[in-house]
Amino acid sequence: MNETEKIARLYELLSPCYLCPQNCGVRRLSGEKGMCNAGVKVKISSVAIYRGEEPPLVGKIGSGAIFFSFCNLKCVYCQNYNFSQNGAGRFVSVLELSDIMLELQRKGAANINLITATHFLPQAISALIVAKNNGLVVPIVYNTSGYESVEVLRLIEGFIDVYLTDFRYGTDDWGVSYSVASYYTEIAKSALREMFRQVGNLKIGKNGLAKKGVIVRHLLFPNGIDEFESVLKLVKDSVGNEVYFSLMSQYIPVYKAKYFSKINRKVTKEEFLKAAFLLRSYGFENGWVQYF
């Protein structure tokens, strides 16, 4: 399938919408909105040279982050709920989005970092093509929750250089309870396998920057050690333990987390040290551990 055919298929999946595993089937072109609350026109929360990613994605200057409004998950603990859930942001056209990508490159961004773009993929990939035709050459990062359709991932193959994917839960119960994401584990496993098939393990250039590959992230939850161990088993089973893994400690019980007793506190140092030990015991040696 060539670029034109891929874009055409992505737009077919936009309305009725089957761009993500929620499979809402809503007719976005007719004004209907599904799980993510996104309409047809792209909405972005902010654009920034961002240093809050893993070292090979940041370099000396930072990652060229485009934060898309709305999300296909409803995480009760989301730190970005103002735009992921409430939809704060501004509307941009495909051409404006392509100009934003080029401007980030001009400012020295190590890459273009598409953050939670799943529900706007037809427009985002269209903008990317325009930008590349006008001189965009930096790597493209797809920054995702991991709740992705394999069909859609195949349609963006060749456009994405680095998949920065969460693997949030080790059991489906947690996925449903905290993100309204049915069958999260199997969907995330299938998505991860597809990402790895496309770009393989992370490749870092002589300049220390990521050129291509997969990075798996996990945000450790309070009372989440068993969940994390399940994640490690799932990831190892899916793509092996040589994949680059980023264990994060910055969970804060914001938004609606106060209503869920199990996750209504920060992670303890003891919990995080246990998680770091588990990471190594399962043979994951590539990546980063974000200590307190």
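1. Helix H1, residues 3-12, holds both Arg 9 and Glu 12. The two sit 3 residues apart, about one turn of the helix. In this predicted model, they form a salt bridge, with 2.9 Å between the closest N and O atoms. Arg 9 is partly exposed, at 28% relative accessible area. Glu 12 is also partly exposed, at 48%.

2. Arg 217 and Glu 53 form a salt bridge too, and here the closest N and O atoms are 2.2 Å apart. Arg 217 belongs to strand E8 (residues 210-219). Glu 53 belongs to the loop between strand E1 (42-50) and helix H2 (55-58). The pair therefore ties together parts that lie 164 residues apart in sequence. Are these two residues buried or exposed? Both Arg 217 and Glu 53 are buried. Each thus falls under the 20% cut-off for relative accessible area.

3. Helix H4 (residues 94-106) carries a further pair, Glu 103 and Arg 106. These residues are again 3 apart, about one turn of the helix. Their side chains meet in a salt bridge at 3.0 Å, N to O. Glu 103 is partly exposed, with 32% relative accessibility. Arg 106 is exposed, because its 59% relative accessible area is over the 50% limit.

4. Across the structure, the salt bridges number 13. As a general point, side chains of opposite charge can pair when their charged atoms come close.

5. Now to a loop residue. Where does Glu 242 lie? Its place is the loop that runs between helix H9 (225-239) and strand E9 (244-248). Glu 242 counts as exposed, with a relative accessibility of 57%; the cut-off is over 50%, so the label follows.

6. What does Glu 242 touch, leaving aside residues up to four places away in sequence? Its contacts are Asn 201 and Asn 286. Asn 286 is 44 residues from Glu 242 along the chain. Even so, 6.3 Å separates the C-alpha atoms of Glu 242 and Asn 286.

7. To recap the pairs. Arg 9 with Glu 12 lies within helix H1, and Glu 103 with Arg 106 lies within helix H4. Arg 217 with Glu 53 links strand E8 to the loop between strand E1 and helix H2.

Notes: Residues numbered from 1 in each chain as written. Predicted model: local features only at pLDDT ≥ 70, side-chain atom pairs only at ≥ 80, totals over all residues. Heavy atoms only, no water. Helix = DSSP H or I, 4+ residues; strand = E, 2+ residues; numbered from the N terminus. Buried < 20%, exposed > 50% of the residue type's maximum accessible area, 1.4 Å probe, protein only. Contact = heavy atoms within 4.5 Å. Salt bridge = Lys/Arg side-chain N within 4 Å of Asp/Glu carboxyl O.
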